[in-house]
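Here's a quick briefing to read alongside the model. Have the sequence and the 3D view open as you go.

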Amino acid sequence: MLQDIAPHIYDNTFAPYAVEEGDYTVTIEKRRIYLYEEEGRALFPVYREGDKEDYLYLFSVDEKRFFLDLKRRIPEGTKACTFHELQHLSPRYLVYGACVAIQLGSWYSDNVYCGRCGKKNVFDTKERMLTCPDCHTAIYPRINPCVITGVIHDDEIIMTQSLGWEKKHFGLVAGFAEIGESIEDCVRREVFEEVGLHVRDLTFYKSQPWPQSDSLLFGFFCRLDGDPSIHRQESELAQALWVDRKEIPEGRDQNSLTGEMIEYFRTHENKEIFG
Ligand SMILES: [Zn+2]
């Protein structure tokens, strides 16, 4: 998946480092990152000189440190890349760094002012936090929990296609957790809302950080409980259907949890999936 960059190591331990010559610099604007691109390879701009106060440490990948340019200067020759465009570049560990940098950089730029009293927030030096100097509100990065659900009945799984995404691959039942809801209840609610079915035997598969929507995805498989007739949520889905294991094409994109779960279902029996 996107975050699987071993043997490289992503380290997001917060530290108030000062930028040094050779560190990577990150300019984020409207959830796009400015990078050099050379024959499909992503290259980060590098700090040479300038006011060190203008740069904020974000994280490291191996020995490479990434700093946010708070003045949002655009290095000459760089190109703005969206999360989607990054998926076509290499190397993977730098692409993942770029994705996470978009998420973190956007969080900082979206929280310049205190949402409670409107004063300008200040950077904390001990942890990844912003604080209002007036009303002392503490602001931490927000992550949205979301479920990806493989609903299984014998040799079939429910595959869906969202409205507006008809040219894309089929996905699985998915949705964001609501306030006051457990992640298991989110699975049951999303399945009922999207396809009108009840499920049982919820089995956690894996999770995935998904910077594009500031999400943490929780992958579950579950069994159909009762009638298999699908009642599609027409306001959200263009299609929802039962697909047999043998009819699923090989070669799904393995960057996403959805792609990996579909491939896992295609290549494993139910007794392996549910243990
Ligand atoms: Zn405030």
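Along the sequence, the residues that donate to the zinc ion follow the spacing C-x2-C-x14-C-x2-C. Keep in mind that this is a predicted model, where local features need pLDDT of at least 70, side-chain atom pairs count only at pLDDT 80 or more, and totals for chains, interfaces and linings use all residues. Numbering starts from 1 along each chain as its sequence is written, and side-chain values use heavy atoms, with hydrogens and water left out.

**Zinc site**
- The SG atoms of C114, C117, C132 and C135 lie 2.3 to 2.4 Å from the zinc ion (donors are N, O and S atoms within 2.8 Å of the metal, or 3.2 Å for Na, K and Ca).
- Angles of 100 to 119° among the four donor atoms make the site tetrahedral (all angles between 85 and 135 degrees).
- C132 is buried at 1% relative accessible area, while C135 is partly exposed at 27% (buried is under 20%, exposed over 50%, partly exposed in between, with a 1.4 Å probe and protein chains only).

- Three strands make an open antiparallel sheet, ordered β9-β10-β11 (strands are DSSP E runs of at least two residues, and a pair needs at least two bridges).
- β9 (122-123) and β11 (138-139) are the edges, each with a single partner strand, so one side of each has no neighbour in the sheet.
- T131 sits opposite A138 in β11.

- Most residues other than glycine have a negative phi, and most peptide bonds are trans.
- H136 has a positive phi near 65°, lies in the loop between β10 and β11, and is exposed at 58%.
- The A6 to P7 bond is cis, with omega near 10°.
- The S90 to P91 bond is also cis, with omega near -5°.

Note on methods: Four donors count as tetrahedral if all angles lie between 85 and 135 degrees; four count as square planar and six as octahedral if opposite donors are over 155 degrees apart and all others between 65 and 115; anything else is irregular. Helices (H or I, at least four residues) and strands (E, at least two) are DSSP runs, numbered from the N terminus.
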